[in-house]
Amino acid sequence: LATSRYANVAKISTGIGTSTVSLGSDFQYSVGGKQPALIYDPDEGDTWLAYRDENDSNKGKIRGLVIGGTGNTTLSNDTGAHTFHTGHTDTVRLVYDTNADKLVILYRDSQTRYYTAIVATVGSNQGLTFGSEVGTGIRGDEGKMWASFDPSVNRVVICMANDDDSNEGYYIMGTVSGNAISFSSSAKFQSGEVDYIKTAYHAGEGKILVSYKDKASNNYLKHKAGTSSSSSVSWGSAFNFPGNYTNGVNAISVCPKTNIISTQLIADNNDKLFYASYTLSGTSFTSLGSGQQSSHNHSTSWENMVSVPMGDHARIVVLAYNSTASRPGLYVYDTGTTGSNATASNVIGFAENAINDTATGTIKLTGNVVGNQSGLTAGTAYYIQSDGSLGTSQDNTLGAATGRTKAGVALSATT
């Protein structure tokens, strides 16, 4: 986790229905660090933090962090900061290109107001080699840009408000090759003025997501899902955050374990934190419910909310500034109560009898007769559903109606 000047490690113990949070010691990454962005590099095992250094002419800088110590709650840095932009920098974002194995740093040049990108290659001992800075060709205001990597097409998708077109919602796609990045032509994801833009990638459906404040439609928080090609995105219909709250700032994440989308917003009419969750089918959202976090007030500034999924534990972790408590608040949302990590390829067979946790048991693979079922119709083909049950039609969230999702033909009501 990172705020102005300081970073920390939050260790979250996740039991059923519980999340216990313990923090390590604060690590001061910069005397004048502002607008920090964090990304994890799974190939090198490093965490990278990019920021605007208010104590050094607002230059754009990045440094690697090492997590270690007792309980993995200690942060350190061996090589210091690297400067990626010598001019006045703001709106810093970090994206990891899993295909090219590169860090992509996005930011706004405060003087020219253009959103810009630069690619970095990670070397030994957290050394970095930078490519050339490349402008997107779109100018905008501070804070009105976000980006995510779409591995289905190996592109960086950047969404932003275009100040040269009345702050309407635009996107552009970046392709990384070596230490260079090139951009497609820009296009709109939303007509009308937008603000508070966030993006995420939905691996289960292979879609890029964008959330934004629609200033042309009562300032509601809206979401869209898009299907990417090599140079463009086909966007689905907009879906409103339940309750149609006017939005001050928001966050969006997708749990890779359950494929559930989690969003949070601070309502700008009462400064309260609200949350909601959804499923996605194609580009269509279905709400799973929403609620208010607490009676506390929270900051509506674009700088003061971010979220990240804890994939192995079906948790979404949100960092937001709690104005009532006068400090950042850490909130953990459990998405494991709904959804599934089943796919078209990870079903291996049936446990005919119950197996206790940590115990051994028998899994019947393809070719076996499986008993201990109920309510089946003899002669009917059955398919595995995303919740592990059987149904007579294919669950579209699991892919094609063949292979491992086709359970077999009922021999009787119980086999």
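In the predicted model, Lys188 counts as partly exposed, at 35% relative accessibility. Its side chain meets that of Glu168 in a salt bridge with an N to O distance of 2.5 Å. Because Glu168 lies in strand S17 and Lys188 in strand S19 (residues 187-202), this pair ties together parts that are 20 residues apart in sequence. Glu168 is itself buried, with a relative accessible area of 15%, a value that falls under the 20% limit for burial.

Strand S17, in which Glu168 is placed, spans residues 168-177. When neighbours within four places in sequence are set aside, the contacts of Glu168 comprise Met160, Ala161, Asn162, Lys188, Gln190, Ser191, Gly192, Glu193 and Val194.

Glu193, one of these contacts of Glu168, takes part in a salt bridge with Lys215, the side chains meeting at 3.5 Å, N to O. This second pair links distant parts of the chain, 22 residues apart: Glu193 is in strand S19, whereas Lys215 is in the loop between strand S20 (207-214) and strand S21 (220-228). Glu193 is partly exposed at 29% relative accessibility, and Lys215 is partly exposed at 35%.

A further salt bridge joins the side chains of Lys61 and Asp53, with an N to O distance of 2.9 Å. Lys61 counts as buried at 11% relative accessibility, and Asp53 is buried with a relative accessible area of 6%. Lys61 and Asp53 also belong to a network of salt bridges in which they are linked with Asp56 and Lys59. Across the whole structure, 16 salt bridges are found.

Conventions: Residues are numbered from 1 along each chain as its sequence is written. This is a predicted model: local features need pLDDT of at least 70, side-chain atom pairs count only at pLDDT 80 or more; totals for chains, interfaces and linings use all residues. Side-chain values use heavy atoms; hydrogens and water are left out. Helices (H or I, at least four residues) and strands (E, at least two) are DSSP runs, numbered from the N terminus. Contact means heavy atoms within 4.5 Å. A salt bridge is a side-chain nitrogen of Lys or Arg within 4 Å of a carboxyl oxygen of Asp or Glu. Buried means under 20% relative accessible area, exposed over 50%, partly exposed in between (1.4 Å probe, protein chains only).
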